[in-house]
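Hi everyone, thanks for making the time. I'd like to walk you through one model today, from the overall view down to a few places inside. Have a look at the screen first.

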Protein chains: 2
Amino acid sequence: MVDISALAKKSSAGSGGSRPWQLAESVLSGTRDVHRLADFHRWFADLGQRFYTEVDRIPLPGLSGWRLDPGTGNLGHDNGRFFTVEGLEVRVPGGPVERWSQPIINQPEIGILGILVKRFGGVLHFLMQAKVEPGNHNGLQLSPTVQATRSNYTRAHHGKPVPYLDYFLRSARHGVLTDVRQSEQGSWFYRKRNRNVVLEVTEEVEVLDGFCWLTLGQLHSLLTAGDLVNMDSRTVLSCLPFSGAGLLEAFAPAGDDFRASVIRSCSEDEGSRHSTVDILSWITEVRTHSEVHTRLVPLAGLAGWRRTDDAITHENGRFFEVIGVRVRAGGREVGEWTQPMIRAYRTGVVAFLVKRVDGVLHALVHARLEPGYLDVAELAPTVQCVPENYDHLPTAARPRFLDEVLTAPEDRIRFDATLSEEGGRFYHARNRYLVVETDEDRELDHPDFRWLPLHQLVHLLRHSHYVNIQARSLVACLHSLTAPPPAS
Amino acid sequence: MVDISALAKKSSAGSGGSRPWQLAESVLSGTRDVHRLADFHRWFADLGQRFYTEVDRIPLPGLSGWRLDPGTGNLGHDNGRFFTVEGLEVRVPGGPVERWSQPIINQPEIGILGILVKRFGGVLHFLMQAKVEPGNHNGLQLSPTVQATRSNYTRAHHGKPVPYLDYFLRSARHGVLTDVRQSEQGSWFYRKRNRNVVLEVTEEVEVLDGFCWLTLGQLHSLLTAGDLVNMDSRTVLSCLPFSGAGLLEAFAPAGDDFRASVIRSCSEDEGSRHSTVDILSWITEVRTHSEVHTRLVPLAGLAGWRRTDDAITHENGRFFEVIGVRVRAGGREVGEWTQPMIRAYRTGVVAFLVKRVDGVLHALVHARLEPGYLDVAELAPTVQCVPENYDHLPTAARPRFLDEVLTAPEDRIRFDATLSEEGGRFYHARNRYLVVETDEDRELDHPDFRWLPLHQLVHLLRHSHYVNIQARSLVACLHSLTAPPPAS
């Protein structure tokens with residue numbers, strides 16, 4: 001086993017205090033990295049032997065500690081905390097489907113997704129956690145330093161204290177790089193938000209078992225590996241102030257290749273297809289003219305859904321189901337519990353069409369309505385769907401751009417990795433994340449789509465309710481295209 | 001009668017096309033103004049004779065076209081549009097009052113508050129409307145070019161078309177200076193938002209009876225007159241991109257007087273007590289840790305409130321009451337109708353404490369919870385209350401800073417005018433708006449308050465849900481302190 005915490009401590013001597021936020025060195029991994037990627041992989045494989053969960057499906061009535069409310073049929077925990085599974089009635093006048101009902105997770109608590117960063121030898125490193133979650137199809141993934149619901153950190157679990165949590169409960173004492181509540185899946189969560197925080201610390205940080213310091217360049221490299229950097233890590237990384245002249249200077253993109261266009265796309269000094277005031281006006285327009293009416297209703301008797309002991313399923317067998325699981329965890333978080341989860345039937349497709357505009361990469365963003373959003377619509381990837389859900393519908397009903405993305409020639413595919421969604425609530429939910437380049441002269445005049453460079457998305461990510469969770473994952477993936485993979 | 005529309009047409013010949021947004025000329029009114037203020041006042045007095053409403057209180061059962069829902073007791077229009085008066089149950093764990101119930105206006109439609117601007121002789125002018133509203137205690141006030149609910153502009157009133165509305169329904173064809181949905185009174189409205197829009201046009205604009213072009217300097221001068229620039233105008237003006245080096249150059253504030261500190265406060269190049277990321281982190285913290293639970297409930301049987309034919313009142317006689325009125329309108333919008341309104345008993349106090357920090361004016365902003373906000377808390381004035389509502393409570397329960405504001409020496413009062421709130425829903429609701437300067441060394445360490453310069457507030461005003469309606473009025477008032485009153 002590689003003792004990387006000892007390595008980290010050694011490097012810490014070179015830590016340089018509070019200099020301005022410098023991204024480029026951390027993106028360009030190299031000789032000053034605390035660990036080589038090969039060491040990371042050995043360490044991670046070793047942890048995979050020690051930390052694990054065994055997850056078995058069980059009948060819904062077998063959930064212990066959970067109860068079906070006799071009046072509403074809603075699923076909730078005996079202690080009234082964590083989350084409930086309820087029914088939602090949705091009405092979207094003028095939408096492709098004007099009315100539907102569905103189960104939805106109601107989790108009003110705001111959790112913390114926090115990453116500690118620290119300079120070693122002048123290079124920013126991110127403290128990541130190797131964490132198993134019951135919904136992960138492959139067990140261990142890389143999560144933020146802290147990934148805690150309020151029930152976690154107020155100890156409703158009666159579990160062990162959350163490591164490193166104190167930094168985030170007293171964040172104002174450290175260098176806050178970002179601190180913003182962001183939404184999660186609006187089709188499965190009702191108005192859920194988590195707090196995305198990145199703190200820079202200068203003091204000595206003890207590296208506990210299961211944690212390690214990685215550079216942005218290393219994280220970017222691991223992103224492309226697929227199913228390794230978890231959803232919570234991706235959303236926090238997407239909220240970083242990933243911009244600035246430092247990046248342009250360090251990379252000095254002179255040519256007109258794809259990578260140069262990504263780097264320019266990160267810089268606020270570069271142009272954009274639309275001014276920010278026009279983008280904000282477009283979002284205002286969509287949110288003013290779109291109506292999404294939602295109402296929480298009893299899960300019992302929900303139109304179009306049926307409940308058996310095995311699961312709550314849609315009558316046509318599509319979309320997703322609510323199941324029960326028993327989890328036995330070994331390693332750091334020992335224990336056994338049961339819980340309901342949402343199980344996706346198929347792997348989805350999440351894709352940005354991108355193009356260069358005067359040498360600056362722009363992504364085609366979709367203003368998308370989802371019933372769980374607090375504020376009507378958020379900016380989403382060009383394509384975000386499970387293709388099989390449209391198999392029974394006429395071609396005209398297929399999501400715009402889906403077929404273009406699925407049939408793109410290989411040399412146009414700039415990013416392609418299958419990544420997991422949240423493993424605490426979703427069972428084996430995965431999406432294929434794609435970035436597909438299209439021609440510069442590709443025009444588009446659709447009221448729900450706009451071309452945006454990365455720096456405009458990053459600007460919006462300083463605020464809540466603008467960029468959805470899938471687009472945030474893709475922003476992190478796009479940032480990974482700024483630099484070549486690090487030597488490992 | 002002064003024919004100011006003819007004057008405007010004459011001046012229009014000097015209009016200069018699409019140059020960059022230049023604020024300073026419009027703030028410094030002078031010889032290039034379309035009208036002198038003295039002419040405006042004659043024109044406005046003349047309109048006051050021709051446009052009027054007669055408003056009489058009537059018993060609630062006498063409201064025609066409105067009905068009490070037999071099940072809920074909610075007040076709604078027969079056609080199901082406009083707005084309803086419902087009950088709201090509020091729970092704020094840890095707040096000064098932890099639970100209460102109240103009537104609230106539910107108006108989910110998003111209306112348009114829009115001002116057209118145009119250059120005459122190089123100077124930006126704002127097209128304002130002299131408009132009577134039933135709740136105005138003095139009849140006529142200055143409103144935006146367009147002030148229309150969705151029911152207005154989709155013609156649910158079966159009234160005349162809304163003048164100039166087409167500009168705002170196709171705003172992307174013009175120069176959008178601002179376009180953002182902003183909240184209104186969170187204690188009287190349930191999640192109401194209006195769209196605040198300012199469009200710059202270059203084409204010839206016909207000036208209809210009751211409309212006139214005014215510079216920002218003139219509007220600022222009229223703000224200080226009290227009860228003339230209405231609430232909707234103030235919120236739209238507050239959302240202007242009121243900043244930039246142009247302002248600093250034009251005014252060249254060299255000295256260290258109060259006005260110089262206001263002008264510097266508008267410039268993003270000047271410093272601020274806290275960085276924007278720290279301010280955003282503070283807002284995230286307040287919104288994460290504060291809980292405001294609300295639930296719409298039937299108005300009938302609302303705890304603590306009683307209904308007579310005359311009104312719905314609180315059992316202790318405080319706060320506000322729901323009344324019925326009959327309106328007879330003459331002038332431009334002829335007609336007769338009845339409607340419910342909210343009547344405030346007393347004039348409130350809305351005040352910013354301000355201080356200079358290194359020569360830059362900062363306002364003391366309060367992160368305030370109101371039950372009608374979509375997102376927990378918004379930034380509010382230092383003081384916002386009706387003092388008499390606290391008379392029966394112990395001194396410790398009085399709003400923080402209220403007494404300091406009410407007893408400030410005259411030379412510390414930098415702005416003082418009584419202004420009206422929305423006259424379409426509120427009956428004679430007025431607040432005394434104050435800006436009170438305090439010492440530079442005045443420190444404050446309270447988790448719900450922060451010192452912000454104007455440019456940080458203006459930056460946040462590009463987005464929804466940050467700055468409340470009362471603070472927006474004060475932002476407009478503070479901007480009026482950048483320049484001396486225009487010669488009239």
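Before I give you a surface figure, a quick word on the term: accessible areas here come from the Shrake-Rupley method with a 1.4 Å probe. And please keep in mind that this is a predicted model.

So, chain A. Its accessible surface comes to about 18,500 Å², and carbon and sulfur atoms account for 48% of that. What share of the 488 residues in chain A is buried? The figure is 60%.

Now the fold in outline. Chain A has 13 helices and 25 strands. The radius of gyration of chain A is 22 Å, close to the 23 Å that the globule rule gives for 488 residues, so chain A is as compact as a globular protein of that length. As for how the chain connects to itself, take the contacts between residues at least 6 apart in sequence: 74% of them join residues at least 24 apart.

Let me zoom in on one residue, A:Ser272. You'll find A:Ser272 in the loop between helix H9 (258–265) and helix H10 (276–289) of chain A.

Among the buried ones in H9(B) are B:Phe258, B:Val262, B:Ile263 and B:Arg264.

How many cavities of 30 Å³ or more does the structure hold? There are 14, and the largest cavity has about 120 Å³ of space. Both chains contribute to its lining: from chain A we have Arg287, Asp375, His463, Ser464, His465 and Tyr466, and from chain B Arg287, Asp375, His463, Ser464, His465 and Tyr466. Sorted by class, that lining has two nonpolar, six polar and four charged residues.

That's the tour, and I'm happy to go back to any of these places on the screen.

Conventions
Residues numbered from 1 in each chain as written. Chains lettered and ligands numbered in written order. Predicted model: local features only at pLDDT ≥ 70, side-chain atom pairs only at ≥ 80, totals over all residues. Heavy atoms only, no water. 1 Å grid on protein atoms, 1.4 Å probe; cavity = no way out; pocket = protein on both sides within 12 Å on 5 of 7 lines; lining within 4 Å. Points joined across faces, edges and corners; volume = space filled by probe spheres on them. Nonpolar A, V, L, I, M, F, W, Y, C, P; charged D, E, K, R; others polar. Buried < 20%, exposed > 50% of the residue type's maximum accessible area, 1.4 Å probe, protein only. Helix = DSSP H or I, 4+ residues; strand = E, 2+ residues; numbered from the N terminus. Rg over C-alpha atoms; globule rule 2.2 N^0.38 Å. Contact = heavy atoms within 4.5 Å.
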